[in-house]
Amino acid sequence: MVRTVAVIGGGISGLSAAWELSSHDADVSVTVLEGSDRLGGKLRLEDVGGHRIDVGAESVLARRPEALTLFEQLGVAGLVTHPGPAGAAIVSRGRRWPMPRGTLMGVPSDPESVRGLLTDEEVERLAHEVVAGPVPGDVSVGDLVDSRLGAAVTDRLVEPLLAGVYAGHAREISAEQAVPALAAAAHEGRPLLEVARSAAEAAASGPLAGRPVFATLDGGLGTLPEVLERELLAAGVRIRKGSMARGLRRDGEGWVVSTGPTTEVVDERFDAVVVAVPAAPASRLLRDVAPAAAAALAGVEYASMAIVTLALEGPSPAVLDGSGFLVPPTEALTIKASTFSSVKWPWLAAAHPDRTFLRASVGRHREESTLQRSDDELVTVALDDLRTVLGPGMPGPVATHVQRWGGGLPQYAVGHRARLAPTRALPPALALCGAAYDGVGIPACIASGRAAARAVLDGD
């Protein structure tokens, strides 16, 4: 007997769930219901200066296996490419400093490696870590680092790195969720510096030694949803865009999903459902069928941000002398990072030698006022900040693009894992997946989607 499964949401988590379901030996009929007119979520290509490039997520963490495994299964492993050798920088006290090597989310393995970026006094404080004993329960990354290594390490090293992942604030983000190795050290009363050193040594001489940290696809990571859509359709998966899920209810041993405009709601019955949408819409769908999980998801906050992409005439100018830079919130700048895309990704420079692309990100959690500007104003702000950091040699763009990601990144507040416990105790044949649960990166979302698919197939 064929089992019918609905996947609600066509972002990378939902598409990964659909891929897992369609790859299974069991007789399964899969339908993906996507509310918008496109698939891919935060993976997106747009035309900038006559070329399609990423305006959302641009890379995956290559030291996790999930994305690379999916690339291989989809037949695109030959398109995997890695960043060039140019390093990144951190802006501190008005100038750029090379990104220190061997840090664990900003915690240095060698205090001397951050001298200059930090003052001599701050390095001295860092080198003499204060370990007062085990820390019970969850704490924020920033509070943990503040107490052990000093506030300067949080402000100038941890903050810019965490902001790049979560668009959030280090003193609000859960250590258990964001940097579990540091959280484990805190629970056991071990020095954070010792953990950072061990991680650096493992990266230098362990099984991952010499392997690139990041990867993307030639043509842009935004090509991944296009490949997945093609392969899913070939596998018999039904994909319905513009099908907003408005309701979910039990029907005997199965489920009824309501889609469409409020004036023309269509009810469809499925044997199982995977919910792969952000926390707020997931909460609304679960309100009647899993009220405890719905309440937990309703409390998850999100950060909004924008990616400002600039296209320059010709090859990369000398002023773009690296792969980009991160900006701590202590600096008097609006942008929180800039990526010199054509320098970072050799495939991009080779594919478009007549253009140089770079981008800047704007927006942090609870700083939505920063985004309450027109697109033209955001471009001006980004250019002004770039010229402040890089100098007047930064040329003007020949084309620009602003991609806004409203409510784009979930915030893992202290206690996040415990608060979301009800989402792991759901009725049979119902599963959740996405960035709100166990990781915001693309590999984590792929893992989440595939795990949710296996759960509904197994009846868990």
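This is a predicted model: local features need pLDDT of at least 70, side-chain atom pairs count only at pLDDT 80 or more; totals for chains, interfaces and linings use all residues.
**View 1. The largest nonpolar core and the surroundings of Leu248.** The largest nonpolar core comprises 70 residues, and those with the most contacts inside it are Ile8, Leu248, Val257, Val273, Val275 and Leu286. Helix H17 gives the most to this core, contributing eight residues. When neighbours within four places in sequence are left aside, Leu248 is in contact with Trp255, Val256, Val257, Val273, Val275, Leu285, Leu286, Val289 and Leu430. Another core, of 33 residues, lies apart from the one described above and has Ala152, Leu162, Ala183 and Ala185 among its members.

**View 2. Glu129 and its polar partners.** Glu129 is found in the loop between helix H3 (120-127) and helix H4 (141-149), and because its relative accessibility is 16%, under the 20% limit, Glu129 counts as buried. The side chain of Glu129 makes a polar contact with the side chain of Arg148 at 2.8 Å, and the Glu129 side chain also reaches the backbone nitrogen of Leu192 at 2.6 Å. Not counting residues up to four places away in sequence, Glu129 touches Arg148, Leu149, Pro191, Leu192 and Leu193.

**View 3. The salt bridge between Glu331 and Arg156.** Among the 27 salt bridges that the structure holds is the one that Glu331 forms with Arg156, in which the closest N and O atoms are 3.0 Å apart. Glu331 lies in the loop between strand E18 (324-326) and strand E19 (335-339), whereas Arg156 lies in helix H5 (residues 151-166), so the pair ties together parts that are 175 residues apart in sequence. Glu331 counts as buried at 12% relative accessibility, and Arg156 is likewise buried, with a relative accessible area of 13%.

**View 4. The salt bridge between Arg249 and Asp267.** The side chains of Arg249 and Asp267 meet in a salt bridge with an N to O distance of 3.6 Å. Arg249 lies in strand E13 (residues 245-251) and Asp267 in strand E15 (residues 266-270), so this pair ties together parts that are 18 residues apart in sequence. Arg249 is partly exposed, with a relative accessible area of 41%, and Asp267 also counts as partly exposed, at 42% relative accessibility.

View 5. The side chains of Arg366 and Glu301 meet in a salt bridge at 3.2 Å, N to O. This pair links distant parts of the chain, 65 residues apart, with Arg366 in the loop between strand E20 (355-362) and helix H14 (375-390) and Glu301 in the loop between helix H11 (291-298) and strand E17 (302-313). Glu301 counts as partly exposed at 36% relative accessibility.

Methods
Residues are numbered from 1 along each chain as its sequence is written. Side-chain values use heavy atoms; hydrogens and water are left out. A nonpolar core is a set of buried Ala, Val, Leu, Ile, Met, Phe, Trp, Tyr and Cys residues joined through side-chain atoms within 4.5 Å. Buried means under 20% relative accessible area, exposed over 50%, partly exposed in between (1.4 Å probe, protein chains only). Helices (H or I, at least four residues) and strands (E, at least two) are DSSP runs, numbered from the N terminus. Contact means heavy atoms within 4.5 Å. A polar contact is a pair of N or O atoms within 3.5 Å; within protein, one must be able to donate a hydrogen and the other to accept it, and residues adjacent in sequence count only if both atoms are side-chain atoms. A salt bridge is a side-chain nitrogen of Lys or Arg within 4 Å of a carboxyl oxygen of Asp or Glu.
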